[in-house]
Amino acid sequence: MNAPLHPLPRPSTVSARIAPAAGLDVLSRHEVARLRDASSGGLHQLLRRCALAVLTQGHVSDDPRTVVELYADFEINVLQQDRGVRLELINAPAHAFVDGRIIRGINELLFAVVRDIVFVATQLETAAFDLDESSGITHAVFDILRNARVLRANVDPNLVVCWGGHSISRDEYEYTKQVGYQLGLRGHDICTGCGPGAMKGPMKGATIAHAKQRRRTNRYIGITEPGIIAAESPNPIVNNLVIMPDIEKRLEAFVRTAHAIIVFPGGVGTAEEILYMLGILLHPDNAGIPFPLIFSGPRGSAAYFEQIDQFLRLALGDDVARHYQIIIDDPTEVARQVGKGIERVRQHRLDNKDAFFFNWALNIDEVLQRPFRPTHEGMAGLNLHRDQPQHLFAADLRRAFSGIVAGNVKIEGMRAIEQHGPFTIRGDGEVMRALDALLKSFVEQQRMKLPGGSAYVPCYRVLVD
């Protein structure tokens, strides 16, 4: 066989042993052994995949397999020494180092990966997490966030979660920076899914505003999960990374810690997040609990939000619109409305003696908490009909979008599509036609995959009952 005419150049690599810059407790010998175990029951492959994602900050691709193939000889070992834990990196991406020393921010995120993988595995192994009931799942989310030092007591509400796509236009990206800047001027911290695009822009804008205000205890929290981290590598601004075990716990972590949520333009992942949030707010038990939810983008994104709004009203009823605001092309107004909404949240929690750092009061239905495996059978079996309570219909619509995300960017989902063809999504005729139109608009606007490369091939088929 002839060699390829233009083989990919082998990237520069570095091998080194590094100590934690901060924030990692010592590990037991048993925990180290688990991390070094490359068998099916061990954690080594999970550690390797997540560590490589952190080390390849700045690499942007819709196919997480490209990074794995590019650094196929990368290896990571956890070393237990009397002085504490060390990481041995073999053939690691050279751009993670400066003059032979690993960049401090990357060091911190690497050890955050170790911390979260070890903690979750240990809690599961000892049955410390009760995942058989709703309250147990919420306590598991709380414990993971507390162990990651995300939860801060005696701090007024100020955490704004920003959702949006990694594949957005330049104008949309610049707009997210402007909103982040206005939020930062008003003393708000930022939490996102930690990747590029709308997950990076608000953090970037906030860093300038925080510097202007001489604010030094800034939080740029990135919450991710193993299935998505390789496709959405943590951006360099993240200074507190948390890896949740699955997408459902990741979404619950966003909602439990947020004091307000802003949704920027995005694709199916953003639609999944919107439906998850509305599935909570539409639950009768959550009536009267203030939760600021704002959709916003530049003037060129007005049609995008009009289509999202129309789809939500068609599927869930016109009254769903009372749970969100749409603000177009006005970063200052977005920040002002966020501030007003957070003040309502603060007063409500004072009146009800609720914690500022974790939203215990919201009732998150178990159907939103149970991990959904987007198999062909699972996708075909979704109940996508309107003859059910609004919050339950929103939950199944959320699962449909979650499956498309898996088929687009998650290794397991991509393999399933390659082996068995596209997922089948079937349901109520009017809703399915609107869903199909919405998904086609995402494709036309290049929201399903990053621009360039091969054309997007849908991982789904929408059918009408």
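The model is predicted, so to speak of method first: local features need pLDDT of at least 70, side-chain atom pairs count only at pLDDT 80 or more, and totals for chains, interfaces and linings use all residues. Residues are numbered from 1 along each chain as its sequence is written, and side-chain values use heavy atoms, leaving out hydrogens and water.

I begin with the sheet. Three strands (DSSP runs of E, at least two residues) form an open, antiparallel sheet in the order S1-S3-S2, where pairing requires at least two DSSP bridges between two strands. Its edge strands, each pairing on one side only, are S1 (13–18) and S2 (75–81). S2 is joined to S3 (residues 84–93) by seven bridges; in one of these pairs, Ile 76 has Leu 89 of S3 as its partner.

I turn now to the largest pocket. Its volume, the space filled by probe spheres set on the grid points, is about 960 Å³. A pocket here is an open set of points on a 1 Å grid over the protein atoms alone, where a 1.4 Å probe fits, with protein on both sides within 12 Å along at least five of seven lines; lining residues have an atom within 4 Å of a point. Of the 39 lining residues, Arg 49, Glu 225, Gly 227, Pro 245 and Glu 412 are the closest to the centre. Helix H4 (helices being DSSP runs of H or I, at least four residues) gives the most to this lining, with six residues.
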